[in-house]
Each structure stands twice: as C-alpha cells, then as structure tokens.
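Q: Please take a close look at the surroundings of the ligand in this model. Which contacts hold the detail there, and how does the chain around them divide up?

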Amino acid sequence: MNIILKVRETLEKGNIVALTGAGISEESGIPTFRGKGGIWEKFSPEIYANIPGLIGAFLFMPSRIRDFILEFYLTIHNAHPNKAHYILAKMEQRGILNCIITQNVDNLHQQAGSENVIELHGNMLKFRCTKCEKKYTLREKRLEEFIYRLKSASRREIIRLFLPKCECGGRYRPDVVLFGEFLPQDELNRAYMELEKTNSLLLIGTSGVVYPAASLPYFAKERGMTIIEINPYHTALSHLADYTILKKATEALPEIFEHFNEQSQKKFRN
Ligand code: OAD
C-alpha cells in the first residue's frame, strides 16, 4: 500500500501528538538551525546560544549582537504560519491531534490556531524576569517598536531593550532555553504525560539531535506508538520511524490530509 494511504489509516485512528522542529517553519521564511543556510552557519552557537558567549558578545561585539537579535526578531515578525501549521491546527480542532510539542520559539503554531502547544524551548516573544519570574509578551505593536529602536541602538540601549528592568529590581530576558540551560520542567512533564496517552507520534521537521527533546521519540517507541516522520531528509530519529515521508511538511501534510475521507472527517468533527 502507498505510504500516504498507510499514514492516513493511522491518522484516522486519532490520538496523535506532533513533535515539531525548525523544519516546519522553514517555508514560513524562518531558516532552520543546522545544515546549509542554517542559523548556526551565520551565528556560531558557541557564542550566540549560551550565556557566557552572549555576555562576551554584548561586551566586545555590540554591533554583531545587535545584528543577531535584529535578524531573529525581524524574521519572526515577518513570518506567517504556513499550510503545515494550519493543518495541525485543524487536526486539533477535529479532535484527532491531542497536542503539539514544539522545539520552535516562533509562536507560529499558536498563530495558526493551535491551542494545546507545549513549548520545550520557550518563545522568543515572551520575556521572563530572572528574579521574580513575572512574564510579558511582545505583542505586534511592541515588537515593531522593539525592532525599530534596536536598529540604531548603542550597547547600553541594546541591553535596556533586550534585558529590560523589572519593577522588582531584576531583569527580564527572552523566555527561551539556551544551551546548557534546563528545559522548563512543567512543559517537559506535560510532554511526557501527553505521550503516555498517545497512539501515534508525528515527527515533523526536526533533526533530532538536541536532547532532551530528541529523547521523546525513544519514549514513544518503547511504548509501542506508531511513529511517522515528515522531513525531506533522513534524520537521527529516522530509524525509530514506522513511516518516513521524505517531503517538505507543506507538501506531505496536505497530501495526507486530502486523503481523509468524508466519513472520517465527520467522525472527528464535533
Ligand atoms: P534543525 O535545524 O536541527 O533541523 C531542522 C530539520 O528540518 C532538518 O532535519 C531538516 O532536514 C528539516 N527540514 C528542513 N526543511 C523542511 C521542511 N520544509 N519541512 C520539513 N522538514 C524540513 O532544527 P531542530 O531539530 O528544530 O534549540 O533543532 C532543535 C534545536 O536545536 C532548536 O530548538 C534549537 C537548536 O539549537 C535551542 O536553541 C535550545
């Protein structure tokens, strides 16, 4: 049987969790991290993805760190959800997808309408006070102002914008996980809890080389779940997959979804 038909059969049973990575947002204009043209090719993760590296960059390369922050936020600001994000949101609405566990920090799943989204690596639009844990979100207008002011900011201003003071005396920072930091424990626990109740795991657009996120498919496999991988290339997790669809997310998902017959759509619509 054709692989798309087999995958459709599995999806029709519902009770699915999706684990997504940078690849799902690639066609929204957000580059992936690894590989040709990836973010880490332009900005070394040894400097830009950990606290000591970032402090050094703030002190000694302020214009470079400004370029890094600007590029990240401009890219996210200009990006819109693509077909793959929308299909996952629709699958949740139809009751066949329980939740999305994402490593992405771009907020595109939520923008597409997904509600149960577990963000393992945080969210670039959210800021958290390192002292009192208070949070705020950079909404549209504030994000535009942030980008505008950043463009001509001096080192001092970059710090004021990127790490603003909280009323408690502490400083806010983007609520994202850097290398060497722990994942938010609540999110990780929720991810395992969701996986415990699941039949199938959809792996979309992740290279599967960053842990602990990459350990989730191993957990799923041990529990006998069906694993479906969607990625134009084989990955470090392909050996776990029951089905690997070597296509872009925006090609594979519409193809699978188109094959949902009317009956199964009715069954899952509530
Ligand atoms: P990677 O950049 O490591 O991998 C992206 C994956 O997406 C690759 O396997 C690509 O083949 C695949 N891909 C590319 N285009 C695609 C498309 N259109 N459709 C489907 N797949 C596509 O990104 P992640 O696996 O998400 O963490 O990386 C995991 C973590 O590494 C990130 O969350 C980030 C990074 O360092 C932190 O910063 C903590």
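A: In this predicted model, a backbone N or O atom of Gly205 lies 3.2 Å from an oxygen atom of the ligand, and a polar side-chain atom of Ser207 lies 2.5 Å from an oxygen atom of the ligand. A polar backbone atom of Gly23, in turn, is 3.4 Å from a nitrogen atom of the ligand. Of the 790 Å² of accessible area that the ligand has on its own, the protein covers 91%.

The shell around the ligand is made up of nine nonpolar, 10 polar and four charged residues. Among the 23 residues there, those that come nearest are Phe33, Arg34, His121, Thr206 and Ser207.

Thr206 deserves a separate word. This residue is found in the loop between strand E7 (200-204) and helix H11 (216-222). With a relative accessible area of 8%, Thr206 falls under the 20% limit and therefore counts as buried. Leaving aside residues up to four places away in sequence, Thr206 touches Gly21, Gln103, Asn231, Thr235 and Leu237.

Technical notes: Residues are numbered from 1 along each chain as its sequence is written. This is a predicted model: local features need pLDDT of at least 70, side-chain atom pairs count only at pLDDT 80 or more; totals for chains, interfaces and linings use all residues. Side-chain values use heavy atoms; hydrogens and water are left out. A residue is near a molecule or strand if one of its heavy atoms lies within 4 Å of it. A polar contact is a pair of N or O atoms within 3.5 Å; within protein, one must be able to donate a hydrogen and the other to accept it, and residues adjacent in sequence count only if both atoms are side-chain atoms. Accessible areas come from the Shrake-Rupley method with a 1.4 Å probe; for residues, only the protein chains shown count as cover. Ala, Val, Leu, Ile, Met, Phe, Trp, Tyr, Cys and Pro count as nonpolar, Asp, Glu, Lys and Arg as charged, and the others, Gly among them, as polar. Helices (H or I, at least four residues) and strands (E, at least two) are DSSP runs, numbered from the N terminus. Buried means under 20% relative accessible area, exposed over 50%, partly exposed in between (1.4 Å probe, protein chains only). Contact means heavy atoms within 4.5 Å.
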